[in-house]
Amino acid sequence: MNDQHSRIVETVVELMKEAQRNLPVWVKKRLEQAKESEEGIAKQEINNMLENVVYSSNRNKPLCQDTGVPIFYIEIGRDFSLKTSIREAIRDGVKKATEEVPLRPSVVHPLSRKNSGDNTGKFVPIINTEIKEGKDLKIKLLPKGAGSENVSHQRMFLPGEKEKIPNWVKKKVKEAGPKPCPPLFLGIGIGGSFDYSSVLSKKALIDFNEKKSPDIRELEEEITKKVNELDIGPMGVGGNTTALGSSIKLASCHTASLPVALNIQCWAFRYSEETIKD
Amino acid sequence: MKKLKTPLNENLLTKLKAGEKIKLSGKIFTARDAAHERILSRNSLSFSLENQVIYHCGPLVSKKNKDWEIISAGPTTSTRLSKFISPLLEKYKVSAMIGKAGLDKTTFTSLKEHKCVYFSYTGGAGALASKHIEKVKDVYWLDLGEPEAVWELKIKDFPLIVGIDTFGNSIY
């Protein structure tokens with residue numbers, strides 16, 4: 001094991017500790033704002049969420065027992081000199097994090113359902129790679145629980161059906177009801193291909209606060225507003241806050257199609273990132 | 001706020017109303033998909049579910065020396081387990097269930113008939129839930145993997161909301 005391998009392993013362990021124990025400040029702020037617009041049981045639910053966030057951070061415990069499937073997005077600078085297999089290093093990091101954080105072993109064979117015990121398996125951790133300019137290695141981590149992933153969707157719209165997108169998202173969130181632990185964050189991928197729209201929908205979650213063009217901003221706000229008319233509310237007990245926001249990512253697509261994917265994220269939006277200098 | 005202790009008294013359970021807050025102490029058993037399948041497929045169990053409470057939960061645990069410690073243990077989505085509820089209640093007199101997101105309406109008749117109450121706890125608040133879990137008393141079926149095994153837990157003043165009462169009223 002060379003130095004770079006160890007550095008990546010340790011970075012993954014630290015990223016996992018950070019993501020599982022400390023909810024991003026901006027997520028906490030949105031929950032605090034939402035609390036003000038709720039009353040009764042709905043307010044109580046958000047109170048519990050916020051109390052949990054403080055408790056997990058103080059006690060260094062994962063805030064949710066579903067520590068999720070490890071999903072990584074890595075950006076490799078074209079001048080970063082690779083001295084190890086990044087895939088193997090991240091895998092070793094996940095195994096170590098499972099022991100040290102600790103994480104719940106949640107990864108199983110899809111058919112036999114046998115648990116690997118260390119959160120790794122075939123193609124898991126899931127690693128998305130991008131080559132960028134520069135000489136750094138950036139690692140982004142989004143551990144994703146099953147409650148919200150289970151109610152995510154993809155649909156191939158017809159070319160002229162863009163007006164249908166907001167109501168389709170609303171319908172899918174309605175069908176999901178309390179299952180994904182609302183209030184939610186909605187990642188929406190528009191364009192690309194059948195598979196790439198889904199990749200985009202998750203990237204939309206990862207880059208949630210990225211600056212958007214005014215027309216996309218407007219579409220995001222329209223979707224959030226429509227979803228909040230549903231009265232699903234925090235944990236599904238009714239209320240004004242079903243979604244805490246939406247984020248859209250676009251890709252060009254075939255003239256004959258309009259692929260759209262919706263990746264639903266629970267309130268416990270766990271995320272962390274780190275840059276390794278060459 | 002009512003303080004309840006397991007085993008739960010049926011008269012008391014039928015007085016609970018959806019939306020009411022309670023605190024629960026005593027013994028509970030975790031079970032999710034794989035455990036429900038096995039409970040229903042076996043003629044006898046090495047633990048008794050009669051008048052017991054089932055917690056829809058796959059806890060995050062850690063083994064220190066020989067003892068299991070609960071790190072984080074919030075509820076899993078109960079709705080996913082809806083299809084098991086009627087057959088389970090036909091087979092065992094389970095007093096109550098704890099979970100999140102509620103159960104399909106198709107289970108309400110069965111809950112009513114068997115006077116079984118559904119309690120809800122905030123999803124994602126697993127660290128906070130662990131504050132109310134005093135210890136792991138036993139574990140069964142670890143071959144299913146840690147999340148799917150049945151964990152017998154001792155809880156103290158676990159704050160819950162009556163999610164579905166024995167009259168079929170629901171907070172969802």
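Predicted model: local features only at pLDDT ≥ 70, side-chain atom pairs only at ≥ 80, totals over all residues.
Axes are lines fitted to C-alpha atoms, for helices over the stretch in contact, and angles run from 0 to 180 degrees between N-to-C directions.

Strand 4 of chain A runs antiparallel to strand 7 of chain A (residues 258-265), and five bridges join the two. Within this pairing, His153(A) has Leu262(A), in strand 7 of chain A, as its bridge partner.

A further open sheet of chain A is built from four strands in the order 2-1-3-8, again with mixed pairing. Its edges are formed by strand 2 (126-132) and strand 8 (272-277) of chain A, each of which pairs on one side only. The twist in this sheet averages 15° from one strand to the next. Strand 1 (residues 69-77) and strand 3 (residues 136-144) of chain A are paired in the antiparallel sense over eight bridges. Tyr73(A) stands opposite Lys140(A), a residue of strand 3 of chain A. In general, strands of a sheet pair through backbone hydrogen bonds, either parallel or antiparallel.

The domain assignment divides chain A into domain 1 (3-21 + 62-145 + 271-277) and domain 2 (147-265). The C-alpha centres of domain 1 and domain 2 of chain A are 26 Å apart. Nine residues from domain 1 of chain A and 12 residues from domain 2 of chain A take part in the contact. Between these two domains of chain A an area of about 840 Å² is buried, with carbon and sulfur atoms giving 58% of the area. On the side of domain 1 of chain A, Tyr73(A), Leu142(A) and Lys144(A) lose the most area to domain 2 of chain A, and together they account for 58% of what that side buries.

Polar interactions were also counted across this boundary. Domain 1 and domain 2 of chain A share three salt bridges and five residue pairs in polar contact, with both residues at pLDDT 80 or more. Strand 1 and strand 3 of chain A are the elements that give two or more residues to the side of domain 1 of chain A that touches domain 2 of chain A. Strand 3 of chain A gives the most to that side, with three residues. Lys140(A), the residue opposite Tyr73(A), meets Asp207(A) in a side-chain salt bridge with an N to O distance of 3.2 Å.

The contact of chain B with chain A takes 34 residues from chain B and 29 residues from chain A. The area buried between chain B and chain A is about 2,500 Å², and carbon and sulfur atoms give 61% of this area. In chain B, the residues that lose the most area to chain A are Leu60(B), Thr122(B) and Leu128(B), together 22% of what that side buries. One salt bridge is counted between chain B and chain A. Lys131(B) forms a salt bridge with Glu51(A), in which the closest N and O atoms are 4.0 Å apart. Across the interface of chain B and chain A, 17 residue pairs are found in polar contact, both residues being at pLDDT 80 or more. Strand 4 (60-64), strand 5 (67-72) and helix 5 (126-130) of chain B each supply at least two residues of the side of chain B that touches chain A. Helix 5 of chain B gives the most to this side, with four residues.

Over all chains, a search of the whole structure finds 34 salt bridges. One salt bridge joins the side chains of Lys17(A) and Glu14(A), at 3.6 Å from N to O. Both residues, Lys17(A) and Glu14(A), lie in helix 1 of chain A (residues 3-21), where they are three residues apart, about one turn of the helix.

How values were computed. Residues numbered from 1 in each chain as written. Chains lettered and ligands numbered in written order. Heavy atoms only, no water. Pairing = 2+ DSSP bridges. Domains from an automatic or database assignment. Contact = heavy atoms within 4.5 Å. Buried area = accessible area lost by both parts, 1.4 Å probe. Polar contact = N/O pair within 3.5 Å; in protein donor to acceptor, adjacent residues only side chain to side chain.
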